[in-house]
Amino acid sequence: LSGCGTFTFLSSAIAAVSGLLMGYELGLISGALLQMSSVLALSCKEQEVIVSSLLFGALFASLTGGFLIDRFGRRLAIIIASSLLVVGSLILLPYESYEILIVGRMAIGISISLSSIATCVYIAEIAPQHRRGLLVSLNELMIVIGILFAYISNYAFASVSHGWKYMFGLVIPLGALQAIAMYFLPPSPRFLVMKNNDEAARKVLERLRETSDATKELTVIKSSLKDEHQYGFLDLLRSKNNMRARMLVGLTLVFFVQTTGQPNILFYASTVLKSVGFQTDEAASLASTGVGVVKVVSTVPATFFVDQVGSKTFLCIGSSVMAVSLVTMGLVNRNIHVNFTKVCRSQSPEDFFLQRPGNFTVTNGSLEDLFASMASTERLSFDVQSPDVARTGELNGTAPAGGKSTTGSHMESGEVPVVLKWLSLASLLVYVAAFSIGLGPMSWLVLSEIFPVGIRGRAMALTSSMNWGINLLISLTFLTVTELIGLSWVCFIYTIMSLASLAFVIVFIPETKGCSLEQISMELAKQKYVRTPLCAVRQRREKLVPVQLAKREKEQL
C-alpha cells in the first residue's frame with residue numbers, strides 16, 4: 001500500500017465496515033425467515049411484508065439521506081447509520097412479534113442505505129488520488145464478504161432453537177464498535193473546507209497524508225470549492241458545468257447495474273441450476289456458497305489493481321465477459337428446452353415462497369398485492385445480492401418438504417446432458433465474476449468521483465434511490481417476462497443490455513485514475529469532456545492545476 005498512509009487506510013477500513021454490515025443484512029434474511037415463519041406462524045403475505053420492509057427503509061433513506069450527508073457531514077452520517085443498525089437489531093431480539101420485526105427491519109433498511117452512500121463519499125474524500133480506487137472499492141469487497149458471512153451464519157444457526165435471534169444479534173457489537181471508532185476518526189477535509197473550517201481541514205490533511213505541510217492540497221480543494229459551493233439540488237438538472245450530463249451519466253450507470261440482470265440471475269440462481277439438471281441440495285449449495293465465494297474472489301483483484309488499471313478498463317472487461325457468459329447461458333438453456341416457470345411452481349410454499357408467480361401479478365392494485373409483488377426486492381438491491389433463496393432451498397432440504405419430490409420427478413422426466421449441465425454452471429459463475437470486477441465495484445467508485453464536493457451527497461443519494469427503484473421494477477417483471485419468452489431469451493436480453501453498457505462506458509465514462517477529485521470536477525465542467533481521456537495530459541496538468549487555481553484564487557480575492 002505504498003503511497004497510502006496507515007492512518008488513511010485505517011480510516012477507510014473502519015468506514016468500510018458499513019459494507020460488511022450491509023452485505024450481512026442482505027444475505028441474512030432468507031435463513032432467518034425460515035425459522036421466524038414457523039416460530040411466529042407467519043403467513044406468506046406477512047413474510048413478504050417483513051422482507052420488503054427493509055426495502056422501504058432503504059428507499060426512504062436514499063431519498064432523504066443526501067441532505068443529511070451534505071448538511072451534517074459524512075462521518076456523522078456513518079455514525080448515525082451504525083447506531084441505527086444497532087437499535088434496529090436490538091428491537092428484534094427481545095420480542096417475538098410480527099409488528100416489531102417490521103419496525104426493526106425498516107430501521108436496518110434506513111441504516112444500510114444511508115451508510116452505503118456516506119461511506120463511498122467519505123472514503124473518496126479522504127483518500128490520496130493515486131489510491132482512491134483501492135480504498136473506495138474496499139467497501140464493495142466488504143459487502144461481498146458480508147454476504148458470505150451471512151451464508152455461514154445461516155448454516156451455523158439453522159438447527160439452533162431461536163437461531164434467527166443470534167443471526168440478527170451478531171451485527172450488534174460490530175455496529176457499535178464502528179460507531180465508536182468513527183467518532184475518533186477525522187471528518188472529511190473537503191467537508192470541513194465546505195463549512196469554512198480551513199485550519200481543521202489542514203490538520204486533518206496533514207494527519208491523513210503524514211506530512212508537515214498540506215497547504216498545496218488544501219489550496220486546490222478551497223479553490224475548486226469556491227466555484228462549487230453555490231450548487232443547489234436543482235442544479236443537478238441544469239446544464240451549468242455539465243451537471244445535467246454528469247447526473248445522466250450517473251443514473252445511466254446505475255440503470256445498467258440493474259438491467260444487466262445480475263440481481264435476478266443471482267436471486268434465481270438455484271432455480272436456474274435446478275432447471276438445468278442439478279439436484280436440490282447440490283444446486284442450492286452451489287448457488288449460495290459457490291456464488292458467494294466467486295463474488296469475493298473476483299472482487300479482490302478489482303479492488304487492488306483499480307488504481308493501476310483504471311475503473312473504465314475494468315468496466316469494459318466486466319461488461320464484455322458478462323455478454324459472452326450470458327450468450328453461453330442463453331444457448332445452453334435453449335438446447336435444454338426446460339419450462340423454467342414449471343420449476344418455479346413446483347417448489348413447496350416455504351421453499352422459494354418469494355418466487356411464486358402469483359406474487360408478481362398486481363391485479364387490483366391494492367397495497368397487499370403491492371407488498372406481495374415487492375417481496376423479493378430486498379435482496380435484489382445494490383448489485384450485491386446473492387441468491388438468498390438458494391439458502392432457503394438448502395435449509396429446507398433438511399426438513400420434510402413436499403416441494404422437493406415434485407421438483408425431483410419433474411427433473412427426472414428429462415435428463416440433462418452432463419456437459420450442458422456443467423457448462424450452464426460455469427457460465428453462471430463467470431457471469432458473477434465478471435460483474436464483480438466491473439459494474440459491481442466500479443460503478444460506485446465512478447459515482448463517488450464525478451460530482452462536485454458541495455453536492456456530492458445529494459447526487460449520490462439520487463442515483464442510489466434510482467438504483468433501489470429500478471431494482472424494484474425489474475424484480476417485479478422477472479418471472480412474468482421469463483414465463484412469456486423463456487429463460488434463454490431473458491439471457492439474450494441481458495446480453496444486449498451488457499453490450500449497451502459496454503458502448504456507454506466506452507463513450508461516456510471518463511478514465512479517472514491518478515486524478516484528484518478537483519481535477520476530475522474541473523475537467524467534467526468543460527463542454528466536451530467526453531471526447532478526450534480525462535487524464536491523457538495528466539503529467540502536464542498536475543504542474544499546471546495548482547498554478548491555475550492559485551491564480552484564480554488571487555483574482556477572486
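1. Helix axes in this note are lines fitted to C-alpha atoms, taken for helices over the stretch in contact, and the angles between them run from 0 to 180 degrees between N-to-C directions. The helices themselves (H or I, at least four residues) and strands (E, at least two) are DSSP runs, numbered from the N terminus. The structure is a predicted model, in which local features need pLDDT of at least 70 and side-chain atom pairs count only at pLDDT 80 or more, while totals for chains, interfaces and linings use all residues. Residues are numbered from 1 along each chain as its sequence is written, and side-chain values use heavy atoms, with hydrogens and water left out.

2. On the overall picture, the protein chain has 25 helices and zero strands. Of its 557 residues, 61% are buried, where buried means under 20% relative accessible area, exposed means over 50% and partly exposed lies in between (1.4 Å probe, protein chains only). Among contacts (heavy atoms within 4.5 Å) in the protein chain between residues at least 6 apart in sequence, 85% join residues at least 24 apart.

3. Helix H11, residues 243-259, packs with helix H21, residues 439-449, at an angle of about 165°, and their axes are 10 Å apart. That angle makes H11 roughly antiparallel to H21, since angles over 145 degrees count as roughly antiparallel, those under 35 as roughly parallel, 65 to 115 as roughly perpendicular and the rest as oblique. The crossing in which H11 passes H21 is left-handed, a term that applies if the near helix is turned anticlockwise from the far one by less than a right angle, with right-handed used if it is clockwise.

4. The contact between these two helices is made by Gly250, Leu253, Val254, Phe256 and Val257 of H11 together with Leu439, Ser443, Trp444, Val446 and Leu447 of H21. Sorted by class, the contact of H11 with H21 has eight nonpolar, two polar and no charged residues; here Ala, Val, Leu, Ile, Met, Phe, Trp, Tyr, Cys and Pro count as nonpolar, Asp, Glu, Lys and Arg as charged, and the others, Gly among them, as polar.

5. Val254, which is placed in helix H11, deserves a separate look. Val254 is buried, with a relative accessible area of 1%, and, not counting residues up to four places away in sequence, Val254 touches Trp444, Leu447, Thr463, Met466 and Asn467. Although Val254 and Ile470 are 216 residues apart in sequence, they are 8.8 Å apart in space, C-alpha to C-alpha.

6. H21 is mostly covered, with 11 of its 11 residues buried; among them are Trp444 and Glu449. The axes of H20 and H21 come within 4 Å and cross at roughly 15°, so these two helices are roughly parallel to each other. Phe435, Ser436 and Ile437 in H20 meet Leu439, Gly440, Pro441 and Met442 in H21, and by class the contact of H20 with H21 has five nonpolar, two polar and no charged residues.

7. H20 also packs with helix H15, residues 311-336, at an angle of about 160°, with axes 8 Å apart. H15 and H20 are therefore roughly antiparallel to each other, and their crossing is left-handed. Residues that make this contact include Ser325, Thr328 and Met329 of H15 and Ser424, Ser427 and Phe435 of H20. By class, the contact of H15 with H20 has 16 nonpolar, six polar and no charged residues.

8. Ser427 lies in helix H20, which spans residues 418-437, and Ser427 is buried, with a relative accessible area of 5%. Leaving aside its neighbours within four places in sequence, Ser427 is in contact with Ser325, Thr328 and Met329. A polar atom of the side chain of Ser427 lies 2.9 Å from the backbone oxygen of Ser424.

9. Two residues of helix H14, residues 280-309, complete this note, and Lys295 is one of them. Lys295 is buried, with a relative accessible area of 2%, and Lys295 and Phe435 are 8.4 Å apart in space, C-alpha to C-alpha, while being 140 residues apart in sequence. Thr299 also lies in H14 and counts as buried at 0% relative accessibility. Not counting residues up to four places away in sequence, Thr299 touches Glu140, Leu141, Val144 and Ser436.

Technical notes: A polar contact is a pair of N or O atoms within 3.5 Å; within protein, one must be able to donate a hydrogen and the other to accept it, and residues adjacent in sequence count only if both atoms are side-chain atoms.
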